[in-house]
Amino acid sequence: MNASVNAASATPPGQGRPPPRNQVGAWVWMRTQLFSSPLNILLTVLCAWFVLMAVPALIEWAFIKADFTASTAQECREAGGACWAFIAEKHRLILFGTYPYDEQWRPLLVTFILVAVIVCSGMRRFWNRWLALIWVVGLTAVAILMWGGVFGLTYVENGRWGGLPLTLILATFGIAFAFPLGVMLALGRRSPMPAIKVLCVVYIELIRGVPLISLLFMSSVMLPLFLPEGFSIDKLLRAQIAIIMFAAAYIAETVRGGLQAIPKGQYEGADSLGLSYWQQMRKIVLPQALRIVIPPLVSIFITLFKDTSLVVIIGIFDLTLAAKAALSDAAWRGFGVEAYVFISLIYFMFCYSMSKYSRTLEKRLSTGYSR
Amino acid sequence: MTTSKTPPRAAPVRRLSWNDPTVRSILYQILAVGLVALGVWFLVSNTLHNLAARNISTGFGFLHREAGFAIGETVISYSPADTYGRAIWVGLLNTLRVAAVGLVLATILGTIIGIARLSKNWLVSRLALIYVEVIRNVPLLLQLFFWYALITENMPGPRQAANPLPGVFISNRGLKLPSLEGNALDWMLWGLVLAIVAILALAHWGNKRRESTGRIFPLGRVALALLVGLPLVGWLASGASLTVVMPELKGFNFAGGLTLSPEFTALLAGLVMYTGAFVAEVVRSGIQAVSNGQWEAAGALGLRRGQVLRLVVLPQALRVMVPPMTNQYLNLTKNSSLAVAIGYPDIVSVVNTTLNQTGQAIEGILIIMAAYLTVSLSISAFMGWYNRRIKLVER
């Protein structure tokens with residue numbers, strides 16, 4: 001830092017003279033970034049040692065000694081590295097679960113549609129009423145493709161759905177239904193009517209105080225008891241309901257933060273125009289409040305996407321359980337690390353790109369405000 | 001609003017009208033409460049009917065019956081002959097054990113990583129960044145499975161256990177650590193408690209004196225001396241009867257020493273590393289929230305970098321950090337329920353077994369929810385108290 005300031009002051013402004021030779025270059029960078037003090041030297045040496053120990057070992061395990069083509073587990077184990085042949089053998093099971101093998105182009109198409117819907121939601125040119133249309137059309141297409149039974153598609157019961165499309169379905173349908181519910185809860189929590197406020201507060205705090213697992217358990221064991229005799233909802237839908245209920249409470253708290261950030265003058269201005277409560281909310285307050293909370297909403301979506309993996313516990317075939325099912329094949333036992341690394345990469349790809357997007361969005365939205 | 005526009009009359013007759021906002025709001029509220037009550041009544045009546053049809057008894061009487069299942073690891077003594085109530089209590093204690101250890105370790109790890117991310121050292125900050133990004137973007141459940149698979153499938157058996165430090169063995173039976181045994185343990189523990197009490201009292205007195213006279217009490221050095229000294233005194237007072245029990249390989253497994261089961265180790269490692277990454281982000285943004293001017297001004301007063309961090313930056317950063325930190329603590333506690341996926345007997349897994357055996361689903365779920373609500377509310381009450389203590393007192 002200091003060095004660059006000195007260099008700048010030595011150069012008259014406006015003249016593009018290069019900095020002195022002893023202020024630039026790899027050696028200076030190393031001296032200022034890596035070896036500036038005894039403590040820093042120690043830290044650098046420790047980290048370098050760690051990197052030198054870990055990275056070559058990792059590369060050797062994942063690539064050099066790895067086996068990509070073995071046809072049996074025994075052959076794979078003898079290679080001494082990662083057994084990617086296991087993934088090659090089982091990738092259809094891990095990605096699409098037990099969906100009928102010949103029909104697996106349908107879940108593949110569904111995956112692309114859902115990714116497209118999510119990508120469209122991220123583009124600002126779609127932030128208008130078209131977005132709702134995109135979601136309705138996209139989700140309907142997904143339902144038709146997955147279930148089938150019309151347009152000459154064979155019917156596939158949802159007990160056989162699985163893998164990546166199921167994970168995406170749980171997350172996108174979850175957010176699609178939880179979002180309106182969450183907004184209503186947030187409005188209810190800020191309502192001047194005490195009874196409605198209390199109902200919303202109790203719901204939100206109750207849900208946020210318990211883990212998602214307990215809600216999933218509740219949906220799988222208690223919901224059948226709640227419903228009239230002879231009336232049942234299937235397991236997948238019950239889990240989806242639990243996820244929606246859970247996500248709605250968190251969305252409500254985020255949206256409430258946005259509502260609180262709207263200055264009081266906006267409410268009073270809307271009042272003075274004679275708008276009704278719903279007109280006020282729809283035309284004045286919510287458009288501003290939701291705009292503020294878009295970045296935290298994206299991170300809720302990321303959390304939701306990761307949390308869908310918990311449906312494993314009640315036995316729904318999402319990406320994680322599909323990987324576990326692949327692992328339970330007696331002929332290919334003991335490749336847990338490879339399978340988990342593979343699906344971790346899939347989760348990472350989705351979550352990392354979304355969080356990257358959230359950060360750029362935050363920057364862009366905040367510059368819009370700071371004039 | 002409408003009434004204020006009308007000219008004042010002698011006795012305004014208030015008629016019930018749909019145009020009166022008060023009337024409407026009361027109607028709406030009655031409607032909302034009524035609908036919710038109707039829904040609840042519908043569910044409860046269905047449930048009672050279903051329970052009667054399936055011959056399931058209701059109530060918490062089952063808690064006094066014999067459990068009849070074993071629990072892998074327990075904090076208090078437990079046998080299958082004990083009651084369901086005690087089994088669930090054991091589960092709750094297991095949850096609290098992993099949560100308490102996890103909170104402390106995650107805070108320490110997160111603080112280190114968070115400070116490392118702000119380090120001027122390029123290598124250190126890059127490594128910390130990679131850690132945070134990788135860990136935060138992979139589901140915790142998957143990480144638990146990963147650690148569990150790594151320990152049980154890829155670690156050597158007890159006979160070939162890895163031995164990185166003397167007395168520490170890593171094998172597919174979990175982690176083995178040396179333990180301390182002997183009379184001196186109680187004495188040293190009391191010494192430690194005494195030291196902590198003395199430090200708290202000294203800190204209070206030191207603050208008072210600094211406020212009145214301006215003299216700074218060297219608390220750090222004195223505290224360190226007390227923390228080491230008093231347990232040492234206790235050890236001497238008991239006649240120095242303390243032995244370190246090293247785990248030893250006997251037959252097919254280890255004997256002696258402290259055991260951390262594979263389930264506990266995997267759960268703890270997963271929770272600590274996952275929450276640590278989030279805590280690191282909280283710490284980083286907290287420190288970054290303190291403006292650079294504070295650093296420079298404190299530097300101009302002649303404080304050393306360590307002093308600036310301790311006396312100027314951290315007290316201000318803490319204020320920003322406490323609310324998000326509370327969230328992370330609550331998340332860790334709630335996430336400890338994922339233990340059920342890898343077979344650690346926490347409260348969710350014990351209650352799950354219980355309700356499979358007894359069929360008392362509703363009571364079981366209620367117990368889980370009540371337990372987590374209690375723990376969550378206690379943590380947020382404690383953090384709320386701490387937040388009020390450290391928050392800026394405005395005059």
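Figure 1. Of the contacts in chain A with a separation of 6 or more, 65% join residues 24 or more positions apart; two residues are in contact if their C-beta atoms, placed from the backbone, lie within 7 Å. Residues are numbered from 1 along each chain as its sequence is written, and chains are lettered from A and ligands numbered from 1 in the order in which they are written. In this predicted model, local features need pLDDT of at least 70 and side-chain atom pairs count only at pLDDT 80 or more, while totals for chains, interfaces and linings use all residues.

**Figure 2. The largest nonpolar core.** This core holds 155 residues, and those with the most contacts inside it are Leu216(A), Ala247(A), Leu144(B) and Leu267(B). A nonpolar core is a set of buried Ala, Val, Leu, Ile, Met, Phe, Trp, Tyr and Cys residues joined through C-beta atoms within 7 Å; a residue is buried if 20 or more other C-beta atoms lie within 10 Å of its own.

**Figure 3. Surroundings of Leu144(B).** Not counting residues up to four places away in sequence, Leu144(B) touches Ala266(B), Leu267(B), Gly270(B), Leu338(B), Ala341(B) and Ile342(B).

**Figure 4. The two domains of chain A.** An automatic or database domain assignment gives the bounds of domain 1 (2-76) and domain 2 (84-362) in chain A. Seven residues from domain 1 of chain A and seven residues from domain 2 of chain A form the contact. The C-alpha centres of these domains of chain A lie 40 Å apart.

Notes
Buried ≥ 20, exposed ≤ 12 C-beta atoms within 10 Å, placed from the backbone.
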